[in-house]
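This report looks at the pockets and the nonpolar cores of one protein model. Please have the sequence and the 3D view open while reading.

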Amino acid sequence: MGKVVKVSGPLVVATGMSDANMSDVVRVGPERLIGEILTMTGDSASIQVYEETSGLGPGTEVVTTGSPMSVELGPGMIENIYDGIQRPLEEIMKKVHGNNLPRGVEVPPIDPDKLWEFTPVAKAGDKVTGGDVLGTVPETPVVLHKIMVPPNLKGTLKSVIQKGMYNVKTTVAVLVKEDGTEVPLGMSQRWPVRVGRPYKHKYPPTRPLSSGQRIVDTFFPVAKGGTAAIPGPFGSGKTVMQHALAKWSDVDIVVYIGCGERGNEMTDVLREFPELVDPRTGESLMKRTVLIANTSDMPVAAREASIYTGITIAEYFRDMGYDVAVIADSTSRWAEALREMSGRLEEMPGEEGYPAYLSSRLAQFYERAGSVSCLGTDDRTGSLTAVGAVSPPGGDLSEPVSQGTMRIVKVFWALDASLAYRRHFPAINWLTSYSLYLDSLKPWFDENLGKDFLKNREKAMSILQSEASLNEIVQLVGKDSLSPADQLTLETARMVREDFLQQNSFVDVDSFSEYDRQEKLLAIILDYDKLCRDAIEKGAPAAKLFDIPSRERIGRAKSIPADEYAAAYADISASMEQEIAAAVQKAGEEL
C-alpha cells in the first residue's frame, strides 16, 4: 500500500509502492479510482488515473492489484457499449439511475448472472492446447461464440460439462496440466490489453475487404487483415466514411472505437446501428458489433486505453476464426492523450510536443492487424483489419500523427475538404491517396472479376491524372481551345468522378455497390471513352458524341436496382455502340 504525494490532473505520484510493478492496475483513494502505473523510480510510482482526480490529495492510499490492465473476454460483449476501460455504460446507467458516469463505480464487463446455452464440442480425455474450442454459445443470431482454452494453457481435459444453460462464471471444463495441477475453465478469460494475443502464423493478405464504396474497392482497396488510415480536415467526412465501412464491410464482427470524438457522433452510431439492417444477415447491425464510447468529455487517460481495449476484443474474435474490423475514430485524439500524459510526466517532448515514442506506439497498434492461422489443433484462419481516422490540425498532413501513420499503414484514403464542399462524397482525393495491396490482391481480382478489372482501374486513374494537368490549361485558354481528344478526356474524367466515384449514402441502391456492379459500370464508362476516340478519329464531332442518349443513361446507371442492373448495363452498352456508330456515319455523310 502506498501514499499519494502529488496530483497533477490524471497523473498521480505515490510512494511506498515497492511491491508494485510496471503496468500494474492500482486503486486510488476511498473511491477506488482505477489507475495504471506508467513509471517506477525506487518505491515511487507515477500512475495515470482513468477517472476524474478532483478531491484527491497527499496522503491518499493507493493499493496495487498486482495485475496489468486487462479485459474480460467471453459471451455478452456483442451489442454491448463500453467505455475506454471496458466498463459497460448501459449497466452503469441502470445502476446509478442517471446519465452521468460517477467516479469509482464498479460493474463487471460481462453480466455474471445471464444464462447462455453452452454446447460442448470437446469431451473428457481430450488432449487440448491453447485456442482449442471447448464448446459453443449462440451469442446473437449471427455470431456463434466459441469458448476456447486460454492461449497459455495445455493439457488433458478431466471433465466437460453437459449441454445446458449456464452463466460465464460456471466451470465448463477442468484441465489437468502436464505437471498434474487442475485448472477450472469458465466461459470467460482475461487478457492484458497491451499484449497482442498469440497465433500460429501470420499470412500476407490476399483477399480484399469489400466495403461497397466504389472509390475504395476499385481504386484503393484494403485487404482483409490489412491496415488503412483516413486522414482529413474537419468536415471532410472521416466519421461518415468510417460509419459506412462499419455498416457495409464484409466482415463477421465490427469493433467501433469512438476515441475522443464528440458525443453527438457517438450518439449517431448508437441510434443508427440498432436500426440498420445488416445486408449480410438481415439482422440488426448491432448483432455483430461491439462499441467502445470514449468521448472527448471523458477522462483523457481512458482515451489512451480505449484503443488497446478495442483491438484486444477484436483479437479474441479473430482467434475464433472470424474476420474482424477495428474502426478507430480518431487516433489523433489518442495521440493527444499520449502527449498530455507525457507532458505531465515531464518527458522530453518530440515534434510538436508529442512524445518521442509516438511512432512506435502507432506501430504497436497497427501491427496487431493481420490475417493469421489461429491457435489450436483444428485449422482456423481469422483476420483483423485496422482502420484508423487521423484528424490533422488544419488538414496539414505533414504533422507527426499523419506522418507516423503513413509510414505504417498500406492504404491511405486522403480526404479532401474541397471535394466535401463541392458535395462529392466519399471525399477521397484520388490523386493523393494510395493502396499498396494491389499487387497482393491481383490474383483474387483476376480470378473473380477478370483480368480487365485492374487494367480498367489503371486506365481510369490515368484519365483522372490527365484531367488534373488539362485543367491548368483550361484555366488559361478555355475548354473550347482544346483538341477533341482532350475534350473527351475531360468528359470521361467527369463521368468517372460523378457517375462512378460519387456515391449517395442516403439512397439505398447507391449506398452499397457490389464488386460485379462496380466492374460492369467502370467498363461501360471506359468503353464509351474508347468508342468515342475511334469516332473522333473518323471525323465525328465531339459535341455530338457527348449528347447521345446513352451518355445520360450512363449517368443514371448507378441508381438502377440491384436485381436489374446486369440486363440494363448490357442494354446501355448495345445502345451506346449503335448511337456512336450512327454519329460516325452521319459525320461521313456530311463530309
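A pocket is an open set of grid points where a 1.4 Å probe fits, with protein on both sides within 12 Å along at least five of seven lines. The model shown here is predicted.

The second largest pocket has a volume of about 710 Å³. It is lined by 27 residues, and Leu 89, Asn 99, Leu 101, Thr 295 and Met 298 are the closest to its centre. Helix H1 (89–96), H4 and strand S21 (289–294) each give two or more residues to this lining.

The largest pocket holds about 1,200 Å³ of space. Its lining has 44 residues, of which Thr 239, Val 240, Met 241, Ser 505 and Phe 506 are the closest to the centre. Helix H3 (238–248), helix H4 (263–275) and helix H13 (508–511) supply at least two lining residues each. H3 has the largest share, with eight residues.

The nonpolar cores come next. The largest nonpolar core has 78 residues, and Phe 219, Trp 413, Tyr 528 and Leu 545 touch the most other members. Helix H14 (residues 515–537) contributes the most to this core, with 10 residues. Another core, of 73 residues, lies apart from the largest one and includes Val 133, Val 143, Leu 175 and Tyr 322.

Leaving aside residues up to four places away in sequence, Phe 219 touches Arg 214, Arg 457, Ala 460, Met 461, Leu 464, Val 496, Phe 500 and Leu 501.

Notes. Residues numbered from 1 in each chain as written. Predicted model: local features only at pLDDT ≥ 70, side-chain atom pairs only at ≥ 80, totals over all residues. Heavy atoms only, no water. Core = buried A, V, L, I, M, F, W, Y, C linked by side-chain atoms within 4.5 Å. Buried < 20%, exposed > 50% of the residue type's maximum accessible area, 1.4 Å probe, protein only. Helix = DSSP H or I, 4+ residues; strand = E, 2+ residues; numbered from the N terminus. Contact = heavy atoms within 4.5 Å. 1 Å grid on protein atoms, 1.4 Å probe; cavity = no way out; pocket = protein on both sides within 12 Å on 5 of 7 lines; lining within 4 Å. Points joined across faces, edges and corners; volume = space filled by probe spheres on them.
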